[in-house]
Amino acid sequence: MSTLILEQTLNGLQFSVTLFLIAAGLTLVFGVMNFVNLAHGSLFMVGAYFAAWFAGMAGSFWLGLLCALPATAAVGVALEVLILRRLYAKDHMVHVLATFALILIFNDLVRIVWGPLPLPLNMPAALSGAINLGPVPYSSFRLVIMLVGSLVGVLLWLLVTRTRMGMWVRAGANNREMAVAMGVNVKQLYTLVFGFGVVLSALAGAMLGPFVAVEAGMGDDVLILAFVVVVIGGIGSVQGAAAGALIVGVVDTLGRTALPALLGSLLSPTVASSLGAALGSMMIYLVMVLVLFWRPSGLFPART
Amino acid sequence: MKALRFASPLLAALAMMSAQVQAADNIKVGVLTTLSGPASAPGIDQRDAINLAMKLLGNKLGGLPAELITVDDQFSPDAAKQAADRLLRRDKIDVLTGVIYSNVLLAVVPSAIANKTIVVSSNAGPAAIAGKECSPYFFSASWQNDATHEAAGKYMTDKGYKRVALIAPNYPAGKDSAAGFKRFFKGELVAEMYPKLGQLDFAAEIAQVRSANVDAIYYFLPGGMGVNFTKQYAAAGMSNKIARVFQAYDADQQMLTIGELIEGVVNTGQWSSDMDNEANKRFVTEFTKAYGRVPSMYASQAWDVVGLLDVAVRNVGGKIEDREAFIAAIHAAKGFKSVRGDFRFGRNQFPIQNQYARVVTKGADGKYQNRMVGPVMKDHGDAYIGECAMK
């Protein structure tokens, strides 16, 4: 039993790091540019597709990952310059409509380019097995995801709090008009931030690719989770995204595992498994409601 | 001009009257299926199979010129309902087929039946229509939704698995699959897990499977979920530790893209591409030649719909306007050579057929395919026929 608890805790943490990877780009774009980008999940998908495609040609996962980041960034920047830039001044409803359309377009585009079946993307052979952490055999690739996600978190934090560009980003998120008045080139900053957000989502897509089906629509489920994390954490805040990801990851894993077990000791197995499953899938949304009740702008709001 | 305008309703009325007395000069088949979005792979497979089968028949069914009208249901019951109404009212189709998903099918069946249009389902077979809401206008040429799961339960019982874990998504078809499985599994179901539909990360479920100390695991995870789970299951080092059993769709084309991770996994269904009968050999050869890929079970079902309609139209001598006779001819399916071998309808017009075990094997060309193992259930009907009032 104790090994199971250890393993599930690890799973919760690992899921949190994954969520952070996915949500970090979204929160930056949302916070700095006040732009609701539903196509964030699509860029996650494009990143995974590029990684699978390049990895298939190069025969190496890492090479595929390396090529996927600039390729997806190019797609993202083109998107920003050609389409999204025109929408910033419009209200959120327009953002939602336009980027929802982009989701549909991207889903069918990847299907046209790469076909309807999932692309194969395998983890590097050296990491494809499990290693023993004490009594628990744990997937080594999951540990690598944790490592990469944590590194990205630290780098992002340094970037935002310790560099000039980070200062612009914080200024932009905190008070846009004032930032413009102080001479920040907002147009350039927006393209930069958007491109950076795209790189983060492509990294998430490429890192998760070996664990999930690389197929059209894979970004849609991711998007909802990312928004939950961003909203709990506070829009535009990197610390907020980290905290939100930790809460959602741990609560979701516990909800899925501990809840059915807990109910199982009280109710009949059939009732417990269906009730537990229903409650388990609701848990993160309940947490979101609670957090928003006490702190309507999230745990670490960037805009004060 | 004025006279013409005056005359046209009259002409239309005359035309309608003559249509009622004259024999039909063609048969219109509406193919309403999912052709766009993430869930479209099965629909595209069925459309391809139907188009090919019709082409090989010279675009005739039972000698009667046939017109196909293919429409995308967008995987949405609302869009499907509108598209179906257009097919029924404007195009006046005689037969509707192609629907993949049960929720879509349930949205379009009532208006089709009210319109006296025959529905021959090429995939979805919801319990309600097999039971209480059965209708002479509805046929299933595929399988009742529980059947492959029932076969999996039977297979695992026969194999002597005592402790089993089950995973299915928390939505109606997931619950139905569990119900079907439990109906024929006699061992102990140690763990039941119902993750939410579209779940990404299955680490928690895999840990539970590992700690539950089971002999085998049964999972029904349609679409990308199955691929997600399988990749993560392999990464956790579980692939060779605990036996896995699927139903056929979980080992179909999408999963075969990661065939090396499910090699040797047994799965249950009513058809396999290597079944040894003339109809099937021809189907697999023609399909592979036309599209450069091995057909899926979805494709086999759609192909069978065309074959079934072909014999039924021929057996009524092309007089499909006599709906009662046409329905009786479909029901009798006299001379119908299904690619799955033996096939007949029960009184609720759902199939009575064998369910087989198939195993994922690496072919000589290095690609993964399902190979036939043998029958698990013979002449298997469904559990809902008792609730159907039809004689």
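The predictor assigns the complex an ipTM of 0.82, together with a pTM of 0.83. For chain B the pLDDT averages 90, and 94% of the residues score at least 70. Two stretches of chain B call for caution: over residues 1-7 the pLDDT stays under 50, and the model has zero contacts there beyond four places in sequence, while residues 14-21 of chain B also have a pLDDT below 50 and, beyond near neighbours in sequence, zero contacts in the model. Where pLDDT is low, the predicted coordinates should not be read in detail.

Chain B is divided into domain 1, which consists of 25-143 + 276-345, and domain 2, which covers 147-263. The C-alpha centres of these two domains of chain B lie 30 Å apart, and the contact between them takes seven residues from domain 1 and 10 residues from domain 2. On the side of domain 1 of chain B that touches domain 2, there are five nonpolar and two polar residues, with no charged ones.

The open sheet of chain B is formed by six strands in the order β2-β3-β1-β4-β5-β6, and its pairing is mixed. At its edges stand β2 (60-61) and β6 (138-140) of chain B, each of which pairs on one side only. Strand β2(B) is joined by two bridges to β3 (residues 64-72) of chain B, and these two strands run antiparallel; Leu61(B) stands opposite Leu64(B) in β3(B). Two helices can be followed on this sheet. Helix α2(B) packs on the sheet by touching β1 (27-33) and β3 of chain B, and its direction makes about 160° with that of β1(B). Helix α4 (residues 102-114) of chain B also packs on the sheet, where it touches β1, β4 (95-97), β5 (118-121) and β6 of chain B, and its direction makes about 150° with that of β5(B).

Helix α2 (residues 41-56) of chain B also packs with helix α11 (residues 278-291) of chain B, at an angle of about 110° and with the axes 11 Å apart. Because angles of 65 to 115 degrees count as roughly perpendicular, α2(B) is described as roughly perpendicular to α11(B). From α2(B) the contact draws on Asp48(B), Ala49(B), Leu52(B) and Leu56(B), and from α11(B) on Glu286(B), Phe287(B), Ala290(B) and Tyr291(B). By class, the residues of this contact between α2(B) and α11(B) are six nonpolar and two charged, with no polar ones.

Turning to the interface between the chains, 39 residues of chain A are in contact with 31 residues of chain B. The elements of chain A that give two or more residues to this side are α1 (2-33), α4 (92-114), β2 (136-139), α5 (140-162), α9 (218-233), α10 (238-264) and α11 (269-294), and the largest share, seven residues, comes from α1(A). The side of chain A that touches chain B divides into 19 nonpolar, 14 polar and six charged residues.

Four bridges join strand β1 (residues 130-133) of chain A to β2(A), and the two strands run antiparallel, with Ser139(A) in β2(A) as the bridge partner of Ala130(A).

Terms used: Residues numbered from 1 in each chain as written. Chains lettered and ligands numbered in written order. Predicted model: local features only at pLDDT ≥ 70, side-chain atom pairs only at ≥ 80, totals over all residues. Axes fitted to C-alpha atoms, helices over the stretch in contact; angles between N-to-C directions. Parallel < 35°, antiparallel > 145°, perpendicular 65-115°, else oblique. Nonpolar A, V, L, I, M, F, W, Y, C, P; charged D, E, K, R; others polar. pLDDT = per-residue confidence, 0-100. Domains from an automatic or database assignment. Pairing = 2+ DSSP bridges.
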